[in-house]
Amino acid sequence: MIWLWLKENKPVYYGLAGGAVLAFYGVVSAMQTSNFARVYATYGGVFIVMSLLWAYKMDNYLPDKFDIIGAIIALAGVCIIYYSPRTNHL
């Protein structure tokens, strides 16, 4: 929403609403348990792929081979983080 306000000349309330959503997201993230880092890292990898899909669908952006390779590497990282066996080290 901030992007729309700044780049697409949408009304200022778009920017304010976007800022409020980002602030709320930061508060929610800060209140998570200590293992939230793993979830957040996994989210980051999925976010990369979803960003490319969004750009492809909404902005007619055609990802090149390096975008696709990077997304595959990010998803491989997600799988390692998410599916690795865990031990209590604390």
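This is a predicted model: local features need pLDDT of at least 70, side-chain atom pairs count only at pLDDT 80 or more; totals for chains, interfaces and linings use all residues.
Biologist: What does the secondary structure of the protein come to?

Modeller: Helices (H or I, at least four residues) and strands (E, at least two) are DSSP runs, numbered from the N terminus. In this model there are four helices and zero strands, and the order from the N terminus on is α-α-α-α. The protein is more spread out than a compact globule, because its radius of gyration is 17 Å, well over the 12 Å that the globule rule gives for 90 residues. That radius is taken over C-alpha atoms, and the rule is 2.2 Å times the number of residues to the power 0.38. Along the principal axes, the C-alpha atoms fill a box of roughly 50 × 35 × 15 Å.

Biologist: What percentage of the 90 residues in the protein is buried?

Modeller: Buried residues make up 12% of the 90. The accessible surface of the protein comes to about 7600 Å², and carbon and sulfur atoms account for 70% of that surface; such areas come from the Shrake-Rupley method with a 1.4 Å probe, and for residues only the protein chains shown count as cover.

Biologist: Which residues is Thr-42 in contact with, leaving aside its neighbours within four places in sequence?

Modeller: Contact means heavy atoms within 4.5 Å. Thr-42 sits in helix α3 and is buried, its relative accessible area being 12%. Beyond those sequence neighbours, Thr-42 touches Val-78, Ile-81 and Tyr-82. For the protein as a whole, 29% of the contacts with a separation of 6 or more are between residues 24 or more positions apart.

Biologist: Let us turn to the loops. Where is Asn-9 found?

Modeller: Asn-9 belongs to the loop between α1 (2-7) and α2 (12-30), and its phi is near 55 degrees, a positive value in a residue other than glycine. With a relative accessible area of 69%, Asn-9 is exposed. Asn-60, in the loop between α3 (36-58) and α4 (65-83), also has a positive phi, of about 55 degrees, although it is not a glycine. Asn-60 is exposed at 70% relative accessible area.

Biologist: How many aromatic pairs does the structure hold?

Modeller: A pair of aromatic rings is described by the distance of the centres and the angle of the planes. Rings of Phe, Tyr and Trp (its six-membered ring) pair if their centres lie within 6.5 Å, and planes under 30 degrees apart count as stacked, over 60 as edge-to-face and the rest as tilted. The structure holds six such pairs. The pair of Tyr-40 and Tyr-43 is stacked, because the ring centres lie 6.1 Å apart and the planes are at 25 degrees. Three residues separate Tyr-40 and Tyr-43 in helix α3, which means about one helical turn; Tyr-40 is partly exposed at 39%, and Tyr-43 is partly exposed at 40%.

Biologist: Why is the pair of Tyr-43 and Phe-47 tilted?

Modeller: Their ring centres are 5.9 Å apart and their planes stand at 45 degrees, so the pair is tilted. Both residues lie in helix α3, four residues apart, about one turn of the helix, and Phe-47 is partly exposed at 46% relative accessibility. Ring pairs link Tyr-25, Tyr-40, Tyr-43 and Phe-47 into a cluster.

Definitions and conventions
Residues are numbered from 1 along each chain as its sequence is written. Side-chain values use heavy atoms; hydrogens and water are left out. Buried means under 20% relative accessible area, exposed over 50%, partly exposed in between (1.4 Å probe, protein chains only).
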